[in-house]
Amino acid sequence: MSNTAQPVVEISDLVKSYRRGEQIVPVLTGITFDIAAGDFVALMGPSGSGKSTLLNMIAGIDKPDSGSLRVAGTDITALSEAGLADWRSRNVGFIFQFYNLLPVLTAFENIELPLLLTDLSARERGEHVAAALSMMGLTDRSDHYPSELSGGQQQRVAIARAIITDPTILVADEPTGDLDRVSAAEILNLIERLNRELGKTVIMVTHDPQAASKAHTVRHLEKGELSAG
Amino acid sequence: MYFLKLIVRNALRHRLRSGLTALGIVVAILAFGVLRTVVDAWYAGAAAASATRLVTRNAISLVFPLPLTYMGKIRQIDGVKSVSHANWFGGVYITEKNFFPQFAVQAQSYFALYPEFVVDPGQMREFLRDRKGAIVGRKLATTYGFKPGDQVSLRGTIFPGNWEFVVRGIYDGAEAKTDTSQFFFHWNYLNETMIKLAPRRANTVGVYVVGLTSADRAAAVTAAIDATFRNSLAETLTETEQAFQLGFVSMTEAIVVAIKIVSFLVIFIIMAVMANTMAMTARERTAEYATLKALGFGPLALAAMIFGESLAIAGAGGLIGVVLTFPVAERFAAEMGSLFPVFNVGRETVAMQVAAALLVGAVAACLPALRAARIRIAEGLRNVG
């Protein structure tokens, strides 16, 4: 990926700690780096290194104690809860380790969910969802509930849900962590395709070196600090 | 539509749990409805009272009669349109458990004062012609199978002896609240018999029923009647028909209060059960709420989903409870015989049942909705797997 592209994520001196009883546990201690638009970044590191916390903050679902964090041109540390919710709905696509699909909704309805926050009509939403299902090769699974789908299929539904609103960035937290080797490879190829063909900026947390090998940039975190990758 | 679908599917997610909770609400709303109807039945006499009727009784006690001679004097008082009288008979039909109210009345004037007792003119003529004739209410006739021409024998308790009557007519109520469990016969039959058996008790009446020219004359006429008989051997106490009826209710006020308390207690208990169900539901869905928040849905959307689900379960249970109240109340009234002369599920009761069901649903959703709104997304997402 070209390093001359405009950064979509600008992180400067980011600090985050958690309170555990009386103790203050530092998680991120002054992280600074940028992510270019269209990049595919893998965040790696041992458990407790702060990579998921960093991902959550980039995605706007957690707030730093201090530091600056601009994503898609917005200083998201300055946004209110409602402002952040609105910002997330337009700018972030989430891919979770355990898919996080609503079990009472079909594949079609799960993918449609984020579109309810837009002004699209039911017909337009239907067209978008049908296109996403087709892209994921799930057209024939449209009316299936998550419990009727395999892990790989569920993750593909989750990816379709993540991209349905055409977000600026895709955040993936261990997207292959709950999948077998074959399904994991399929999902990684799909994410890579989204990055390559649609130009989506992907930020992925993973323990798996094979998954990280798909990324253009690999960032290692160690005890809340970036180490050379 | 999308959210409605989501709410319904969520409500049916744990069918057993939702079903048992809804069943609890059915029972609670049903019990609430029947208990409220019992309370209404208690006040039925007062509710059916006319604003243009007064009741004059002996000031010392209802047990003591008034002289028949008062009738003419009352009729002369300004504002009085008509006067009739009635005696509580208190007879026993076969056995003591067959209780129903029996009154010896001055038939023509009494039925003229109670237009809500609707009698076929032919049957009324038959009744007026027969000294031993009786008119019975539709409910009473149905309970004991009385029909015109039947002989009915009552064993007197206040007025000794065996009293024979012939049913000459059946009256219907002009309104649902009209008491159709009463038995009326001629005061003349009672009086003539008393002249022979106990002359000192003859020519007396239990109460006078006074018809007014207009309802707004009630206070003045009440005062005038009681003033007329002040310092006499039998001083009077006159009150509106409603106050007279409420006087009977007040004797059993403690029972009514107890029933009211129990009816609200039932609702409070089911509210706690429903709140527990919704709390469990919300706790299990922490990750889903966190996911929805991550996708950009706000606290209000989550609250709407939780309230919707809670109201759907409570509403379904409440609706079935309301529907079942009618046959259960009918069965209950049949079992009670003539203890409750009027036992109808009123509109107010139905409105209270619906309100109670919705209140249960709304209150049960409050805390889970608040918790869902406060979920921190990053923490909530960790609840998966």
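Modeller: Gladly! In chain A, four strands make an open, antiparallel sheet in the order S2-S1-S4-S5; strands here are DSSP runs (E, at least two residues; helices are H or I, at least four), numbered from the N terminus, and two strands pair if DSSP finds at least two bridges between them. Strand S2 (23-36) and strand S5 (74-75) of chain A are the edges, each with a single partner strand, so one side of each has no neighbour in the sheet. S5(A) pairs with strand S4 (residues 66-71) of chain A over two bridges, with Val71(A) opposite Thr74(A).

This is a predicted model, in which local features need pLDDT of at least 70 and side-chain atom pairs pLDDT 80 or more, while totals for chains, interfaces and linings use all residues. Residues are numbered from 1 along each chain as written, chains are lettered from A and ligands numbered from 1 in written order, and side-chain values use heavy atoms, without hydrogens and water.

Now to the partner: 25 residues of chain A are in contact with 22 of chain B (heavy atoms within 4.5 Å). Together the two chains bury about 2,100 Å², 68% of it on carbon and sulfur atoms; this is accessible area (1.4 Å probe) lost on being put together, summed over both. On the side of chain A, Ile61(A), Leu102(A) and Val104(A) lose the most area, together 23% of what that side buries. The rule finds two salt bridges across the interface (a side-chain nitrogen of Lys or Arg within 4 Å of a carboxyl oxygen of Asp or Glu). Glu109(A) forms a salt bridge with Lys5(B), their closest N and O atoms 3.1 Å apart.
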